[in-house]
Amino acid sequence: MLGPVIGDLLPSCVGLALSPFPIVAVVLLLATPRGRTNGPAFAAGWVVGLIVVSVVVLLVAGGADDPDSGTSTVMALVKIGLAGLLLKLAKDNWDKRSVVGPPQLPKWMDTLETFTTARSFAIGAALSGINPKNLALTVAAMGSVAQAGLSSGGDVVAVTIFVVLGSLTIAAPVVAYLVLGERAEGALTTLREWMAANNPTIMMVICLVFAAKLFGGGLAGLTD
């Protein structure tokens, strides 16, 4: 049934959407001289990265809907491993909360004004597809889709919903900037500053919540 699968995807969609650094990056890109091309390119890269990883996981996890299959056991172990990764990320972000001073952004963000359209696309794809937290959430979400044993059409619908919902916070600033122009700058600046300042706390909470969810799902898969 597609309904329960969509319900199971929603938490992962929220975890993806609440990705502080990608949101900060797209807002900063929009403020550069090439913002009208680089911002959409970044958002397009984000979407493509999610689609590629989602499709690859679904292909690899084929047969996971059979509880007695080796694939089902492997997916359960993968979920437990991802839970451990998210716990490590949660601890790292907990440690960052005690750092005094302005929030530390990745050094590559200092070079955003020099970005080409191609590089903006590549960074967007990397942040959605191979960023550890987002990769873990995507693998877990698509593992759940694979275990549901949907038809090909159902898989397409599930991936589409996952990508659309997981991309809302990246696409929304781009649409707001393209439609409203300078009138959106104040709101986007406020969003950027708040996400940057609260990045460790947001990431810590997301990682802890999903670590518990993945660990529970992995244990359930091993004991079925």
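User: Leaving aside its neighbours within four places in sequence, which residues is Cys 13 in contact with?
Analyst: Contact means heavy atoms within 4.5 Å. This is a predicted model, in which local features need pLDDT of at least 70 and side-chain atom pairs count only at pLDDT 80 or more, while totals for chains, interfaces and linings use all residues. Residues are numbered from 1 along each chain as its sequence is written, and side-chain values use heavy atoms, with hydrogens and water left out. With neighbours within four places in sequence set aside, the residues in contact with Cys 13 are Ile 161, Phe 162, Leu 165 and Gly 166.

User: How far apart in space are Cys 13 and Ala 141, C-alpha to C-alpha?
Analyst: In sequence, 128 residues separate Cys 13 and Ala 141. Their C-alpha to C-alpha distance in space is 8.6 Å.

User: Is Cys 13 buried or exposed?
Analyst: Buried means under 20% relative accessible area, exposed over 50%, and partly exposed in between (1.4 Å probe, protein chains only). Because its relative accessible area is 3%, Cys 13 is buried.

User: How many disulfides does a search of the whole structure find?
Analyst: A disulfide requires a pair of cysteine sulfur atoms within 2.5 Å. Applied to the whole structure, the search returns a count of 0.

User: How far from Cys 13 is the nearest cysteine sulfur?
Analyst: Cys 13 is in no disulfide. The nearest cysteine sulfur belongs to Cys 207, and its distance is 16 Å.

User: Is α1 roughly parallel or roughly antiparallel to α10?
Analyst: Helices (H or I, at least four residues) and strands (E, at least two) are DSSP runs numbered from the N terminus; axes are lines fitted to C-alpha atoms, for helices over the stretch in contact, with angles from 0 to 180 degrees between N-to-C directions. Angles under 35 degrees count as roughly parallel, over 145 as roughly antiparallel, 65 to 115 as roughly perpendicular and the rest as oblique. Helix α1 (residues 2-17) packs on helix α10 (residues 199-223) at about 155 degrees, with axes 10 Å apart. The relation of α1 to α10 is therefore roughly antiparallel.

User: Which residues in α10 do Asp 8, Pro 11, Ser 12 and Gly 15 in α1 meet?
Analyst: On the α1 side, the residues are Asp 8, Pro 11, Ser 12 and Gly 15. Their partners in α10 are Ile 206, Phe 210 and Lys 213.

User: How far apart are the axes of helix α9 and α10?
Analyst: Helix α9 (residues 185-197) packs on α10 at an angle of about 65 degrees. The separation of their axes is 4 Å.
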